[in-house]
Amino acid sequence: MHFHIGPALGRIRLPLGPAFVSAILHVVLLIIVIFSASMWSDKRTKPVYVVLAPATAAIGSPKGVDMPPRVEEPAPRPPAPPADLPQREAPRDLPVRDLPARDLPSRDSVALPDRTLPARAPTAPARVRPAEKELASLPNPSPSPVPTAPTAARRDSSTPPAPAAPPPPPLGAATGSPTGAGPLTLNVSDFPYAYYIRQVAEKIRAQWNGKAIPGQQPAVIFEIRRDGRLNAVGIDKSSGNAYYDQVALRAINDAGPFPPLPEEFKKPMLRIGLQFVFDPTGG
Amino acid sequence: MRRIAIAVLFALLAVATVGVWAPPSPVRAQAPPDIYINVTGGGSKKLNIAIPEFTVVTGSDSAGLAKMIPTVAGNDLTLSGSFSVVAGADRVPANNPDALRQVWSNFAAAGAHAGAHGLLTLRADRVEAEVRLYDLTSPTFPPIASRKFDAAVTPLSPGFDWRRRLAHKIADDIVLQFTGDRGVADTKISYVVGPSGAKEIVVADYDGVGTSPVTRNGSINLSPVWSPDARSIAFTSFMNGYPDLFRLFPFEPRRGVQTLASFHGINSSPSWSPDGQSLALTLSKDGNPEIYVLTVQSGALQRLTRHASIDTEPTWSPTGQQIAFVSDRAGAPKIFVMERDGSNVRQVTTSGFHTQPRWSPKGDTIVYTQREGVHNLWVITPGGTNPRPLTSGQGDNQGASWAPDGRHLVFQSNRSGRWQVYMMLLDGMETTQITTGAGDATSPSWSPRLP
């Protein structure tokens with residue numbers, strides 16, 4: 001490539017020494033900037049967690065979540081890496097994957113599903129969890145007959161409501177959640193659409209069912225475009241086993257396309273961090 | 001010297017620039033995610049949706065659309081297998097955000113995750129419906145999307161009801177908004193009705209409502225199959241005394257029946273190529289049943305199989321590259337796959353008695369009928385792996401046909417004592433009877449999405 005020095009510089013002698021020093025300093029500075037930027041982006045300022053356990057869902061900040069009792073492992077995400085390293089060797093025996101989850105008998109019982117829906121009571125009546133205290137911070141949008149008192153009372157008793165009672169406690173207004181029950185603190189998120197998260201998780205879960213292996217829990221990051229198509233998928237935290245990482249990536253890819261993004265969400269892309277969790281209760 | 005220095009300077013700059021612009025691994029090292037999700041195992045859950053009566057904005061609703069559309073669309077959503085419709089009698093007044101919020105609040109309390117509210121503009125010749133979707137799982141019930149649909153008001157006939165079609169379109173769009181895949185409510189099924197003496201072909205909405213006959217020849221008409229453009233149906237009929245292959249146009253009443261193949265012997269088992277240009281079919285003109293491809297426009301015929309045994313019931317892969325078929329060349333009939341030109345025949349199913357293969361529109365599955373005392377529906381991958389039953393212990397179940405989403409199937413079953421048409425999901429769940437007529441209902445074919 002041929003290079004011309006502009007007229008202003010054409011005549012004078014270039015201050016080579018200082019230019020060199022300056023260039024090197026610039027490069028060093030650039031490297032520092034890039035480095036710190038990537039460090040910063042890795043830190044993930046206060047991520048919002050969405051935990052979709054089989055029956056209930058909770059959305060809240062990492063601290064506030066208080067997972068449902070099912071999992072006795074440490075809070076799944078951030079600085080977890082060392083935690084699951086030791087486990088990695090044990091679960092090498094594949095047979096753990098118990099397929100019979102989709103057992104035949106259920107098919108018979110579903111021969112004529114309850115399509116006569118009217119007055120269907122939502123399943124899974126309110127597994128009430130302590131995280132509900134976060135609700136206080138929420139604006140209560142309606143003065144509907146949804147006093148917080150009954151909920152609180154139930155929480156104290158800490159026993160699930162009698163299964164016979166058809167309509168669950170009126171949680172909807174302030175506490176509406178993907179299952180109509182359970183705590184939600186969505187206002188901390190840029191993305192206040194619990195239904196969307198729920199639907200995405202369901203699609204991925206359907207693909208991932210039966211492939212869960214304890215101790216092999218990769219975290220992935222992926223992006224959904226406005227029209228619901230996948231934009232990119234990558235491993236965020238490897239499970240340590242390339243095969244399981246690939247299974248996880250594949251589950252995401254096979255789960256698409258996802259629902260179109262809500263119209264009110266203006267970003268061109270929704271970026272989702274996803275942790276595959278092995279549920280020892282079998283869900 | 002100066003040149004060298006400048007070159008070095010530029011080299012350094014270039015390195016720095018590349019450092020900045022080097023594409024990162026696909027998604028890492030950019031911004032942090034907007035949200036985190038944990039996914040555990042567990043059964044699939046449906047989305048509970050509320051569809052209160054629509055609100056009439058202008059015009060008078062003498063036809064009762066405000067009630068009918070939510071009812072029909074709600075049933076569509078239930079049949080989609082992805083939704084449960086939350087019952088509730090709440091009405092939404094026009095232009096009253098507070099009242100709307102109250103209605104959503106009540107539905108959310110009843111377990112609804114989402115709400116769909118329709119606004120109707122009724123004119124003499126047109127009806128416009130604006131459907132707004134809301135997220136009821138978030139405390140403020142934020143809107144998700146707003147969509148407009150319109151329909152021309154036309155005379156109602158048994159074969160066409162614009163009100164139901166409008167409802168089906170709305171439902172299909174709601175399914176798309178919440179699942180990422182368009183629903184299949186705006187489709188038709190055709191099937192064969194009648195005792196063994198005369199069998200006529202009828203067409204109905206995919207949910208079995210609005211039956212109208214499309215053959216009236218008093219003969220035996222069999223195996224209707226929709227063309228990929230959903231405008232015509234190929235079928236075998238004895239109307240001229242022999243089993244010949246014809247094509248009818250169900251939405252063009254004045255257009256007559258077209259003869260596709262009337263060779264000596266059997267002309268049967270039509271299967272459309274994905275581009276609609278050709279039909280694979282079974283002809284016995286050369287002695288025993290073989291599979292041919294017929295180009296509809298030119299009538300050109302290409303023979304694909306050459307075997308002394310029976311080769312029949314071809315079905316195209318959605319790519320148009322392969323054809324699956326039934327052959328008893330290995331003993332009892334089994335499913336085989338060959339290339340579009342008849343080459344590279346390989347066996348897909350083993351050990352058993354297998355017929356009626358139908359290749360899924362998604363391409364990854366072939367459904368077939370297995371004889372095991374009674375008949376049951378099974379699926380297998382085209383590569384011959386992972387065979388599994390979809391039906392069992394419920395009488396005979398056979399003759400499956402795929403919905404355009406590759407997720408639903410229709411089939412015939414005698415589980416109620418008479419042949420009727422049923423619908424189910426690909427996992428064998430959510431079986432629903434969709435015909436209830438007095439005669440036998442057999443050989444269902446699910447249309448593509450209507451144009």
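Why does B:Gly428 count as buried? B:Gly428 counts as buried because 25 C-beta neighbours lie inside 10 Å, a residue being termed buried if 20 or more other C-beta atoms lie within 10 Å of its own, exposed if 12 or fewer, and partly exposed in between, with C-beta atoms placed from the backbone. The structure is a predicted model, in which local features need pLDDT of at least 70 and side-chain atom pairs count only at pLDDT 80 or more, while totals for chains, interfaces and linings use all residues. Residues are numbered from 1 along each chain as its sequence is written, and chains are lettered from A and ligands numbered from 1 in the order in which they are written.

B:Gly428 is placed in the loop that links strand 29 (420-425) to strand 30 (432-433) of chain B, where helices (H or I, at least four residues) and strands (E, at least two) are DSSP runs numbered from the N terminus. Between B:Gly428 and B:Trp446, 18 residues apart along the chain, the C-alpha separation is 17 Å.

Chain B is divided into domain 1 (47-179) and domain 2 (188-446), with bounds that come from an automatic or database domain assignment. The C-alpha centres of domain 1 and domain 2 of chain B are 36 Å apart. Contact between them involves seven residues of domain 1 of chain B and eleven residues of domain 2 of chain B, two residues being in contact if their C-beta atoms, placed from the backbone, lie within 7 Å. On the side of domain 1 of chain B that touches domain 2 of chain B, two residues are nonpolar, three polar and two charged; Ala, Val, Leu, Ile, Met, Phe, Trp, Tyr, Cys and Pro count as nonpolar, Asp, Glu, Lys and Arg as charged, and the others, Gly among them, as polar.

In strand 2 (residues 47-50) of chain B, B:Leu47 and B:Ile49 point one way and B:Asn48 and B:Ala50 the other way, and all are buried. Strand 2 of chain B runs parallel to strand 4 (residues 83-86) of chain B, to which four bridges join it, two strands being paired if DSSP finds at least two bridges between them; in this pairing B:Asn48 stands opposite B:Ser84. A parallel pairing over two bridges also connects strand 2 of chain B with strand 5 (residues 114-122) of chain B, and here B:Ile49 is opposite B:Ala114.

Helix 3 (residues 97-109) of chain B has 13 residues and reaches 18 Å from its first C-alpha to its last, close to the 18 Å expected at 1.5 Å a residue, the expected span being 1.5 Å times one less than the number of residues. Buried residues of helix 3 of chain B include B:Leu100, B:Val103 and B:Trp104, and just after this helix B:Gly111 takes a positive phi of about 105°. Helix 4 (residues 162-179) of chain B has end C-alpha atoms 25 Å apart, in agreement with the 26 Å that its 18 residues should span. Helix 4 of chain B is mostly covered, with 14 of its 18 residues buried, and is followed by B:Gly180, whose phi is positive, near 90°.

An open antiparallel sheet of chain B is formed by four strands in the order 15-16-17-18, with strand 15 (267-272) and strand 18 (301-303) of chain B as the edge strands. Strand 17 (residues 290-295) and strand 18 of chain B pair in the antiparallel sense over three bridges, and B:Tyr292 stands opposite B:Arg303 in strand 18 of chain B.
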